[in-house]
Structures are given as C-alpha cells and as structure tokens.
Amino acid sequence: MNINNFKCPICFEVYGDIYLPCTLQCGHSFCLEHIKHISNCPLCKTKIKNFAEIKQNCILRDISKDYVRIYKDKYKEEYEEIIKQEQDVLISEETKKRKEILDLIETNISSYKTKINEIHKIITQINDANNNLLNKMNNFFIYDGNNTNTNTNINQDCENYNN
Ligand SMILES: [Zn+2]
Ligand SMILES: [Zn+2]
C-alpha cells in the first residue's frame, strides 16, 4: 500500500474529512472540491454525464483515514521528505544567489583595483612633471647665480677699469 493511492490526482492532497473523495461514473476518484470544476475525467477523459449521480466515496475516505492513522509515522516521513526536498531546492537557490553576490563583489573589487592603478599612474605623472619643473627651476637658479657671478665679474671689470 502506498500513500499515493489515497491522494486526489489533481491536488495530491490525501483523502479524509477535509478532502472528501468522490468517484465518477468511470471509476476514477477525485476530491469533492475538484470534481465541481471539471466536465471530463482528468485521467480517462470520460464525460461526466450526471453530476447528481456522483457520490462521496465513504469507503475510500475511511480507508484513507485508517491508512494515515496506522502509517502515521510513515506518512510523516514521506511528508517530511517532500518538505526537505522543497527546502533543499530553496537552499541551493539561496546558495547560488550568495555566490552571485560574491562574484559581483569580486568583479567590482578588480575594477576598483584597475581604477586605483590608473590613479597611481596619473599621480606618478604629476610627480614627474613636478620634478621636471623643480629641475628646470633649479637650473634656472643656477644659471641666475652664474648671471650674478657674471654681474659681479662685470662689476669687478668696471671697478678694475675705473681704477
Ligand atoms: Zn483534489
Ligand atoms: Zn476516469
């Protein structure tokens, strides 16, 4: 015996007081809620001729309730297994999303690094330009010093001349 024998083939709920089983003229059973909304049997496509003749299947309902009661633990296990499978799917989905976030962070870090390297290159160029300017200024001052020397020489020459 399998719990699936006691489930509505449409909603997969186990028959009982809440999901009352009804049997069509073709012999297939579904829960009462679903029979209200169909015109053909979903399993064999036989047209439902007379809704008034569809009766609640009390035997199926009671056997189903007995099964659930006797195999309560087994039923619980099966139910837990279904829940666990659903959770596993969700957990792996969550793990995937977390990994995607990490990948995004990793990608952003490497583009930050590229930008920082570009900034470092520019700073190096600015420093080089400053150093070049400093060197030029130093050369100018040295030249200016020579000029002073030259002036002194000229002055000296004048003095010498005057003397
Ligand atoms: Zn159903
Ligand atoms: Zn049928």
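Reader: What makes β1 and β2 a pair, and how do they run?

Author: In this predicted model, 3 bridges join β1 (residues 21-23) to β2, and the two run antiparallel. Two strands pair if DSSP finds at least two bridges between them, so they count as paired. Within this pairing, proline 21 stands opposite cysteine 31 in β2.

Reader: Thanks! How are residues and chains labelled here, and which confidence limits apply?

Author: Residues are numbered from 1 along each chain as its sequence is written, while chains are lettered from A and ligands numbered from 1 in the order in which they are written. Because the model is predicted, local features need pLDDT of at least 70 and side-chain atom pairs count only at pLDDT 80 or more, whereas totals for chains, interfaces and linings use all residues.

Reader: What order do the strands take in the sheet, and why are β2 and β3 at the edges?

Author: The open sheet has 3 strands in the order β2-β1-β3, with antiparallel pairing. β2 (29-31) and β3 (55-56) each have a single partner strand, so one side of each is left without a neighbour in the sheet. Strands (E, at least two residues) and helices (H or I, at least four) are DSSP runs, numbered from the N terminus.

Reader: Why is cysteine 44 called exposed?

Author: Cysteine 44 has 10 other C-beta atoms within 10 Å. A residue is exposed if that number is 12 or fewer, partly exposed in between, and buried at 20 or more, with C-beta atoms placed from the backbone, so cysteine 44 is exposed.

Reader: And what does cysteine 44 contact, leaving aside its neighbours within four places in sequence?

Author: Cysteine 44 is in contact with Cys26 and His28, meaning C-beta atoms, placed from the backbone, within 7 Å.

Key:
Two residues are in contact if their C-beta atoms, placed from the backbone, lie within 7 Å.
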